[in-house]
Amino acid sequence: MANDFDFMLIANVLPTLLRYLPITLEILIFSILFGMLFGLVIAIPKLLHIPVLKQFASIYISYIRGTPILVQLFLVFYGIPALLQILHIDVTRMDAIYFVIITYTCSNAAAFAEIFRAAILTVDRGQIEAAYSVGLSRSQTFIRIVLPQAIRVAFPNMANTMISSLKDTSLAFSIGVMDMVGRGETLIASTTRALEIYLALSIVYYIIVLLLEKILNTNERYLNRYMQKEVATN
C-alpha cells in the first residue's frame with residue numbers, strides 16, 4: 001500500500017538532514033553569544049536602577065516574554081527592511097538567516113537579562129562591602145567577587161535557555177532559511193511522506209539536545225568543582 005509506513009525512508013533522509021545541521025548550529029551559537037552580551041546590557045539599568053532605562057528594559061523584557069517567537073520572527077523579517085527603507089537603505093535582499101539571528105538574539109537577551117540580574121542579586125551584599133573595605137574597586141569587586149558566584153548560580157538557567165533556543169531554531173524555515181526543517185519541508189513536498197520526515201527530524205533534534213545537555217552538565221560540574229577549590233584556597 002502507498003500509505004504503508006516506510007522505516008527505510010527515515011534512515012535514508014537522516015544524512016540529508018544532517019548536512020544542514022551547521023546552519024542550525026550557526027543560528028544557535030551566534031544568537032546565544034550576542035544574546036548574552038545584549039542581555040547583560042539590558043540587565044545593567046535594572047541592577048543600577050537607572051531612571052528611564054530601567055523602565056525601558058522592563059518593558060522590553062515583558063514584551064518579549066509576552067509574544068510568540070514566531071510573531072517576533074516575522075516582525076523582524078518585515079519590520080527591519082520597512083524601517084531602514086525610511087533611511088533609503090535596502091536590505092530586502094539580505095540573507096534571511098541574519099533576520100533569524102537578530103530575532104533569536106533579541107529573544108535570548110530578554111531571558112539572559114533576567115537570569116543575570118537574578119544571579120547577581122543572590123550574591124551576599126556583605127561580601128561586596130567587605131571587598132570595598134579592603135580596597136577593591138567597584139570593577140575589581142564585580143570581576144573577582146560577584147561575577148564568579150553569579151555565573152555559578154546562573155549556569156543552570158543559562159543551559160535551559162540554550163536548549164530552548166535550539167528547539168526554537170526549527171522555526172527559521174518559516175522565513176525561507178534552508179536549515180534542517182527547511183530541508184525536511186522540501187523532502188515532504190517531493191516524497192509526500194510527512195510522518196517519516198518529521199520523525200527523522202525529531203530524532204536529529206532529540207540527539208542534539210541530549211548531546212548539548214551532556215556538554216552543559218559536564219561544564220556545570222566542572223564549574224562547581226572550580227568554584228569550590230577557589231573558595232577553599234581563599
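This is a predicted model: local features need pLDDT of at least 70, side-chain atom pairs count only at pLDDT 80 or more; totals for chains, interfaces and linings use all residues.
Biologist: Nice. Which residues of α2 are buried?

Modeller: The buried ones are Leu-21, Thr-24, Ile-27, Leu-28, Ser-31, Ile-32, Gly-35, Gly-39, Ile-42, Ala-43, Pro-45 and Lys-46. As background, an α-helix has 3.6 residues a turn, so residues three or four places apart point the same way.

Biologist: Switching to pockets: how much space lies in the largest one?

Modeller: About 500 Å³.

Biologist: Which helices each supply at least two residues of its lining?

Modeller: Those are α2 (21-48), α5 (96-121), α6 (125-133) and α7. The lining has 15 residues, and Leu-47, Leu-48, Ile-120, Arg-138 and Phe-142 lie nearest the pocket's centre.

Biologist: How does that lining split by class?

Modeller: There are 11 nonpolar, 2 polar and 2 charged residues.

Biologist: Last topic, Ser-164. Where is its place?

Modeller: Ser-164 sits in helix α7, which covers residues 138-168.

Biologist: Why does Ser-164 count as partly exposed?

Modeller: Because its relative accessibility is 37%, and partly exposed is the class between buried, under 20%, and exposed, over 50%.

Biologist: What separates the C-alpha atoms of Ser-164 and Gly-184?

Modeller: A distance of 20 Å, with the two residues 20 apart along the chain.

Terms used. Residues are numbered from 1 along each chain as its sequence is written. Side-chain values use heavy atoms; hydrogens and water are left out. Helices (H or I, at least four residues) and strands (E, at least two) are DSSP runs, numbered from the N terminus. Buried means under 20% relative accessible area, exposed over 50%, partly exposed in between (1.4 Å probe, protein chains only). On a 1 Å grid over the protein atoms alone, a cavity is a set of points where a 1.4 Å probe fits but cannot get out, and a pocket is an open set with protein on both sides within 12 Å along at least five of seven lines; lining residues have an atom within 4 Å of a point. Grid points are joined across faces, edges and corners, and a volume is the space filled by probe spheres set on the points. Ala, Val, Leu, Ile, Met, Phe, Trp, Tyr, Cys and Pro count as nonpolar, Asp, Glu, Lys and Arg as charged, and the others, Gly among them, as polar.
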